[in-house]
Each structure stands twice: as C-alpha cells, then as structure tokens.
Amino acid sequence: MTIQEGLPFPPDVAQAAKQESRALAAKHSRRSSFRPWAPPRENMSNVPREWRIGSGLAQHVPDDLAPFVEWFYNKPEARERFRWVLRDSLDELLDGQRTGRWAYQHLTKTEKTYLGTAVEVNLTREFEIAEGERLDWSIADVDIDCKFSKDLGGWEIPMEMYLCADHGDRGGRADHAAVVTWMDDDHSQWAAGIVRITDERLRWKQDRRGSGDRVRAYNRDNKRKLSDGAKSGVFWLWGGLQTDLPTNLLRHLNADVRERILTASLPGRSSSGQQRVNQLFREVQERLIGRQTVLTAGQQDDAPKRARDARTALQPKGIVVLGHQGSHPHVARALELPVPVKGEWISTHLVPVSPEDARPKFSLDGEFWARAREEERLHPDPTPAPDLPDRRKIDGQSHSKTHSTQ
C-alpha cells in the first residue's frame, strides 16, 4: 500500500471524526448568535412620479408581447406563485433563522445586489423556464430576459438586449423583450410587466462635454435604464400594481410589540429563542404566523418544535396555538379564524362559555369554548386552554368530540 505524500492521513477514526466535527467550530461561531436590529430609517423602494402605476389596469396586449403574456396567464395559479417567489427570494437573503434580520434594509450592499439574481433563479425554478440562447430565458421558444429592481422603473438593461449600430459586436441581434419585476416590502406591493427593449426606450442625456448632442446614458457597466416615456410600452401582468406581497410580519408589527417579542426573556436571564417564540404567539393573536417568522424570532433550527413548545408554555395562560394537523383546522373554522396550512400557525385566547353564548365556539367533552373578549384576556387568573384532540377526523361518537356551533 502506497500513501501519497502531502495528503493528511488521520491516525485513527476517532481523530478523523474530531477533525470533521462542526461542534468544534460552533463553540466559537458568532454567525448564529442573536442580535437586535434597528428599525429601518429609509424606505426600501423609490417610486418616481413618472413610474407610478395603478391597479386593475385594462391594457391592450401588444401583438409582439402576446406569446409571453399568454404563457404566464396559462400557467396554473401563476400570479400566486409569482408573488410568493418574490417573498421567498427576499426571505432567503434575510436568512432570519441565522441572522435575526427582518427588513430589506438590514442586508449588506452585496446582498442587495444579489436579490435580482435570487428572483431570477427562483422564478426559473418555479415556472420551469428554459434557458435562452443568448438571454436568461426562452419563453414560447423566444429569448427573453428577466430584470428585477427594488425601485420601480430602475431596471438596468445591457447592450445585448437591443439593436444599436454603434455597439458593434456588443449589441443585440434583436430588440428583445424583458420581464421586469419590482417589490416594496415596506408597503407589501409588487408588480411584474413585459416590455420590448429598444434604443429609443432607454435613457438618453445631453452631452455636457462640448457638443450638447443627445447621447446614450450609460452607467459604469454600460447599462441603461428605461426612460420615463417607456412606461407606456410596458404591459403590466395581472392589471398593474399588486398590493398583496405576502406580509413580512415582523416588519409590519407595531414597534413596541416587535421589541417585546425580540427581547423576551425569563426573569434574570438573557433572551432565549423559545421565549421569543412564546412571546410572538402571545403578542400576535388571531393572525397567521408563518415558518419564516418563527425561525427569525427563535433563530433556531426547528420551527414546528418551537411552535409546539410554545403551545405547551401558553396553554396554562388560556392561549392555544393551532397548526394544520389533527382537530386544529376544524377548531380554527369553528372559531371563524384563518385556517393554517402546513408551515403556518395561529394563536388565540380561549375562555369557557355557555351553550347560549352567541360567539363562534366549539365544544369539547361537553364544555364550550370561544375566543376571549378583550376584558377576558386581562383576567389575572385565566382558565387553562383545553387539550385539543390529535385525530385528523372528529367523529361524533368519538370520546373526544369537537362540534362547531353557530
């Protein structure tokens, strides 16, 4: 047997395992340590007056853009999938589980630059878009590019996207179309459009070096932005401005509420991940809470376990944390709450009530429960919340039966 010189050869398996152990590095790692983040002082997005768009726009589809528009409109639930790609792309960069970040403004300059790439990559995967011959995508067998900007109208267009005799070999072979996307997490807004890129639709400026002639307005990367007049050439998918970017819960909470959640701790102890998750479900009731929010608050690996442990901790205080399994969806419907799906939870304070109580309620082992009113939540000695059945189907003959009562 010949041992190649220069390569490490562990003397035994135990030593090899020690060298490969992540625990050695984790003892001193600061990447996952919890840190508070200040509320943003500046807006995520800029919307110039010339690029403001409305909702519910009735637009004629230009013939040259029709194949692209039809392609998106023929995809099942395309609008829903598109808006969630935008949400997930930003959440990937925030990486709240490891960083505790909850706002775009917390990203580094490099990460902000990468957001456009993340959006393109995730849209490609979500819609299984083929790679183009010269551009990002091929839709309906035609090359088309994908551009993202946090500023509406701020998309940067490279030379290879349009015809220009002055560009020589660097210029495009055609005036290509582009899917232009935008989102503003501060206001839960987004938009997606398709536009044909031409030399004239891009920005020009006056030459200040002497001639005063109109010249192309390049940036350092020889890219140009769309001119203000180009807005009329954009076909906005799904009617223009969309106001339902999936909510970034921590970003939109009242500042005092968010502070109490992210600094929650046991008396005399520093803030712990489980305590922050417990406080999250205590503070934010009767509203769906997603996996990313739980991970960001806890900065721990297992969001479902944090939610289950919060359920146990809050039960004595009269608070239930409902998930997507067992009797929980049935209880949520009976209480007229949003029903969680996988990766979502919702909490509410329950109180025992009489069968005659007009509130939406359910019964369990002969006792009726309803959502607490404000004054009932302040009771110093709350009634512990009931143990809910684990079975997915609730049979009227079951020992632990659950009925909705209107």
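## Close-up views of a predicted protein model

**View 1. The whole protein.** The protein has 13 helices and 16 strands, where helices (H or I, at least four residues) and strands (E, at least two) are DSSP runs numbered from the N terminus. This is a predicted model, in which local features need pLDDT of at least 70 and side-chain atom pairs count only at pLDDT 80 or more, while totals for chains, interfaces and linings use all residues. Residues are numbered from 1 along each chain as its sequence is written, and side-chain values use heavy atoms, with hydrogens and water left out. Of the 406 residues, 45% are buried, meaning under 20% relative accessible area with a 1.4 Å probe and protein chains only.

**View 2. An open sheet of six strands.** The strands follow the order β1-β2-β3-β5-β6-β10, and their pairing is mixed; two strands pair if DSSP finds at least two bridges between them. Because β1 (130–131) and β10 (235–236) stand at the edges with a single partner strand each, one side of each is left without a neighbour in the sheet.

**View 3. The pair β3 and β5.** Strand β3 (residues 142–149) runs parallel to strand β5 (residues 177–184), and six bridges join them. Aspartate 145 has alanine 178 in β5 as its bridge partner.

Methods:
Buried means under 20% relative accessible area, exposed over 50%, partly exposed in between (1.4 Å probe, protein chains only).
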